[in-house]
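Hi,

Here is the structure I promised to pass on. Have a look at it first, then read my notes below.

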Amino acid sequence: MIHSLFLINHTGDIFLEKHWKSVIGRSVCDYFFEAREKAVEPENVPPVLQTPHHYLISIYRGKLFFLSVIQTEVPPLFVIEFLHRVADTIQDYFGECSEGVIKDNVVTVYELLEEMLDNGFPLATESNVLKEMIRPPTILRSVVNTLTGASNVGDTLPTGQLSNVPWRRVGVKYTNNEAYFDVIEEIDAILDKSGTTVFAEIQGVIEACVRLTGMPDLTLSFMNPRLLDDVSFHPCVRFKRWESERVLSFIPPDGNFTLMNYHVSSQNLVAIPVYVKQSISFFETGPCGRLDITIGPKQTMGKTVEGLMVTIHMPKAVLSANLTATQGTYTYDLATKVLVWDIGKLNPQKLPNLKGSLTTQAGTPKPEDNPSLNIDLKIQQLAISGLKVSRLDMYGEKYKPFKGVKYLTKAGKFQIYIYMFIFLENLMSYLLFEWLQCVLKHSI
Amino acid sequence: MFVASVIIVFCLFLSAEKEAKTNYQMLDSNKDSLKLEAMKRIVAMIARGKNASDLFPAVVKNVACKNIEVKKLVYVYLVRYAEEQQDLALLSISTFQRGLKDPNQLIRASALRVLSSIRVTIIVPIMMLAIKEAASDMSPYVRKTAAHAIPKLYSLDPEQKDQLIEVIEKLLADKTTLVAGSVVMAFEEVCPERIDLIHKNYRKLCNLLIDVEEWGQVVIINMLTRYARTQFLNPNMNVNEDEDEDEEEKEKKAETPAMAKRKPYVMDPDHRLLLRNTKPLLQSRNAAVVMAVAQLYFHLAPKAEVGVIAKALVRLLRSHSEVQYVVLQNVATMTIKRRGMFEPYLKSFYIRSTDPTQIKVLKLEVLTNLANETNISTILREFQTYIKSMDKDFVAATIQAIGRCATNIGEVRDTCLNGLVQLLSNRDELVVAESVVVIKKLLQMQPEKHSDIIKHMAKLTDNIQVPMARASILWLIGEYCEHVPKIAPDVLRKMAKSFTNEEDIVKLQIINLAAKLYLTNSKQTKLLTQYVLNLAKYDQNYDIRDRARFIRQLIVPTEKSGALSKYAKKLFLALKPAPVLESPFKDRDHFQLGSLSHLLNAKAGGYQELPDWPEAAPDPSVRNVEVKDSVRAVGTVTYRDTGALWDLQGPKKLEGSEKSDSASGSESGSGSEESYMLLFHANVYQPSLYNWALVSMTLHLVLCLQTIAPSSALKNYELLHRITGEGLSVEYCFSRQPFSPDANMVAVQMQFTNNATADTKNLHIEDVKLQSGMRVKEFSEIELLPAGETATAVMGIDFCDSTQAANFQLCTHTRKFFVSIQPPVGELMRPVFLTENEFKKEQGQLMGMNEITEKLTLDMKCRNEHTIVQRVTTAANLSRVPCGSDKECRFAGRTVSSSSLVLVTVATKEEGAAQLTVNCEKMVIGTMLVKDILLALTQ
């Protein structure tokens, strides 16, 4: 299946290669570099490429390309999912997935890759099994290892692979037994210029951090499980119990893991926490334009909106921005044409406002394309969908664990359409817009 | 602080010391730490792609090193370079051969793994032997490794195929989840065409699927999709597909109306099993698994059921952009065939400014496919926003999408066209060019209405530089020159002027325009045409020179010109069919969805075609499983499997015995009956008696058969799943034996399997909670259940003739599990023997309130006496009563606790109609029994 793997950094250097069958020369990557050149942004490289003798499937994570070489038919998602699993594992082991970290731990990474695939077919991808075979490095251990010549390779045999519960190792012991669950919800929304919701949904995830002794069997139940529209689970969750009783019953992996992902889609349920008043306009006569943005709270369920941030991708013609913010700071990146306004906490008494002028390149035509406005925010102690965990029960062990649930709401892909107004000259496109809307109204 | 700095200095000192020595010296040293350091350096070199092959002799010496990490790194090195240094690699083989005999399963497995990864042809026989041995290893993990080794050996030496298939066949029969995924992978790589190997394992694979690891699930599901396509009938064959794509199919149906009428479609239970067991996997966190299930449903499920996959696929759109890319490709193909499925999720395909271009374009494709009369206005409004995007490639794609919506949905054609015309004044040339191309295609559909648009476009030739757009405008003017008689010659004049500077496609269209004008308006354009043709004659491009020569011959009459020139006008100005703007994803579904070939729209190497449905279903009985002859299998063999033998042979023989009974009448005494039955069983099982002897408990079951119960398949129920039980799994069945300590109890046979690695001790029952009147006789404590072993025990429960559950705790030396047993009503009775006359007499006394009658239509496969008897006796523990009429089947039994008589009659009529009568003084039992038997007969 997967024949070889190349890790490539953003400048196009191959800094790690691993072959699971016979060796394939680096020249195969040239086809990829060609495609990389053609796509301006690294995100735009097609994930699947066809070359005369091979197929290249790649992912882009943390400014690195994971490029795998395939020779025969294989489901592309199989490979993509696996490559992401590799990146996840590296992140899990070393805290981040970057070129520097991989180069520093090249032997460990190589050993990991060796264990994860056998002849191109996944062998051990559970982090718990891998950690039994190859211990993640810690500062203390690396010092001890240098002194004593001890190794990172586990000296016990990895029995996890033989277990019926491969995600949990046996003989886990803690003095403090604790289980924490974070319910994190992201609002994905598109609002039109008048503030009406074009599309909104909530994506939720329950991240768990479980440090419990022995083989606990947990049951997590919700006050209102009917809210959940669509769910996907960690393999430890028993499907049958969910189907019949709507409770999550599972023997947890040890440590941090994603217990479930869910989706709430009914539009009326999705509360939009903020509103945005904005106007961006350009004058035909001079090389300048105007910008005015105000943000206020809408449906926040009485909680404070924090970490508020507005990102605007400006038209290419905008040279600089001279603005004043009543709260927070703004930066305008000339190279990428991105305006970032970092507001912080939203004070409902005094609404933050950003106002000022924009300079465009003199002599160039006025920008025609619309900027897009994205919002980032955080609300602590609130799951915006209203989902609530009712209880967590533990069976199979005698001790009393410490339990905790935290809620957090974030903005996911929260986008607001902006329409710019350009005075005088480009009436044509403005009229077209109005006219099309007119026609559409009639056609409905 | 001081300590830290000392350590650092010491480390520096150590590393400096190491640095001084070469890798060679370090590998030869006695210190493991130096060896390790050297190996780490070497592996780092390999990882960076540098050549380290010259160190081979020094490294291979360390293959037997005691230090585990050194050993592992040596393995890594060996696997990488063995192919290049075949002779030296042989030195290491004996180490692995020793490892294969190690008592620890993990060491055996790792030895096999490395041995099979060394790509040296000379050791093929050794590998073959090792694989064969490992395939029958006690440990499932070693067997899994053997399955992994099969494709490796096959790629090294394809000649071994036949032998490898034997191993695959053996491993396919394995009943552990650990092996299933790997062996199916080996099957797919070595012998995907041997679909016959799957038959016997089909049901097992379906049942194991949910517990197999994620990657194995993907492979198994894809394989089963192909299998199902060869073995089952098309579930949609009698459904008229309303979408126009299926006209062909309709025609086919019209030709063979007899076939369609022949019989209504009934889904094979095995087909249903596959659909049912894969559905929960839509909730997997692994996108590949979700996609595999989605494609299975798309290719195999009845139309009404395919919809369930939409939600799961939409969920994947939240995942990484690469995942989105693949999923959207597949969704695009699905939306063409089954649009309705994704319509409720229309808004999930709305485009965000942060999406990568390729995702945007694919989402557009899906939106366009989903467009219909009701949602078109919403979609067009969305498109309007997209046109203003900064991403110009995306804008171009949007314009094309508008064009496609316009062709597909007549109502909005004018709206779209006008909107596009407005775009012609856009400042971005790419946008204008794309609009021109699309407008050209739209105008071709109804040119007469739009001469003003054509005029407008003619004016654009001065400004637009994009060749494709210029070519399109010129073609339009030429084609419809009669609508713009004044402008056309002027355009030609301008073009003639700039001819030499144009791109090739534009030049070709200028020639075309000239030719068409010459034919319609030769007075004004004769000279111009000649001029253009002369220019073209000396063009650098031979295509243009050829075209010019050809056109000159055709349109300019000379004495030499043939008969063709008469038809020149007809040739050039023939009515051209409007182009069909269709999705690039049309017809891609002949590739299996989710495959690489589907994504590339080209057959990838090793792609297995998805076969068409068969016309008639192949024999479904090939999937029936017979008794397994392996000792190891005892632990996991289910009663459903062993039951098959009973089904096939039991009842037939029994009928014979009944006939002789009723004929002679004298022989039927309780004593002779018993011995007769023993004899009968001995006869039937003679051939396989040897195997059964190994299964002592089953043998016991045969020997202690005292009554005439035609024990059909015994159904196994799960009492404790192995995950909940931490490796201990318990299954139970109602053995239908009289429970000797107490005749009023139902015998429950429990089978304990210890899947854990540790022994389980002191298995017993505690804390029994029962409804009043119920009683339990516990089994004697099982003192020791070693790892991997299986034990059975029988307990008795008096359910008081009710279906209430018996709750109790199952205890081991460490744990307690709450479990409960609830009997189906059919298990609350025991068979009794009645003659025909006795039966009628008893029935006569149980009329009125005690009689329940139900009319039913028998299942297609259940229309003969044999299957009816079989199904009724499976549903309830009753015995057959001899009967003179062959239209009636009678059964009798008594409830276990109160010995109330239960009489069942099934009278069959024409065309599968039948009547079921149950007489029983316990009305509740009677009603429930009717339900159960009804279900058994109609399913």
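Let's start with a term: a contact means heavy atoms within 4.5 Å. With that in hand, take Ile309(B): leaving aside its neighbours within four places in sequence, Ile309(B) is in contact with Leu282(B), Ala294(B), Tyr297(B), Met334(B) and Met341(B).

Before going on, some housekeeping. This is a predicted model, where local features need pLDDT of at least 70, side-chain atom pairs count only at pLDDT 80 or more, and totals for chains, interfaces and linings use all residues. Residues are numbered from 1 along each chain as its sequence is written, chains are lettered from A and ligands numbered from 1 in the order in which they are written, and side-chain values use heavy atoms, with hydrogens and water left out.

Back to Ile309(B), which sits in helix 20 (residues 308-316) of chain B. Helices (H or I, at least four residues) and strands (E, at least two) are DSSP runs, numbered from the N terminus. Ile309(B) counts as buried because its relative accessibility is 0%; buried means under 20% relative accessible area, exposed over 50%, and partly exposed in between (1.4 Å probe, protein chains only). Lys279(B) is 30 residues away from Ile309(B) in sequence, and their C-alpha atoms are 8.7 Å apart.

Now chain A. It has eight helices and 24 strands, and 57% of its 444 residues count as buried. Of the contacts in chain A with a separation of 6 or more, 69% are between residues 24 or more positions apart.

Next, the salt bridges. Side chains of opposite charge can pair when their charged atoms come close. Here a salt bridge is a side-chain nitrogen of Lys or Arg within 4 Å of a carboxyl oxygen of Asp or Glu, and the structure holds 50 of them over all chains.

Which residue forms a salt bridge with Lys72(B)? Glu115(A) does, with the closest N and O atoms 3.6 Å apart. The pair crosses between chains, from helix 4 (residues 106-116) of chain A to helix 5 (residues 68-81) of chain B. Glu115(A) is buried at 10% relative accessibility, while Lys72(B) is partly exposed at 22%.

Asp118(A) and Arg113(B) also meet in a salt bridge (3.5 Å, N to O). Asp118(A) lies in strand 6 (residues 117-118) of chain A and Arg113(B) in helix 8 (residues 105-117) of chain B, so this pair joins two chains. Asp118(A) is buried, with a relative accessible area of 4%, and Arg113(B) is buried too, at 13%.

Within chain B, Glu365(B) forms a salt bridge with Arg404(B), the closest N and O atoms being 3.3 Å apart. Glu365(B) is in helix 22 (residues 357-370) and Arg404(B) in helix 24 (residues 392-408), so the pair ties together parts that are 39 residues apart in sequence.

Last, a sheet. Five strands of chain B form an open, antiparallel sheet in the order 1-2-3-7-5; two strands pair if DSSP finds at least two bridges between them. The edge strands, strand 1 (717-720) and strand 5 (775-777), each pair on one side only. Eight bridges join strand 3 (residues 746-754) to strand 7 (residues 790-798), and Gln751(B) stands opposite Thr792(B) in strand 7.

Happy browsing!
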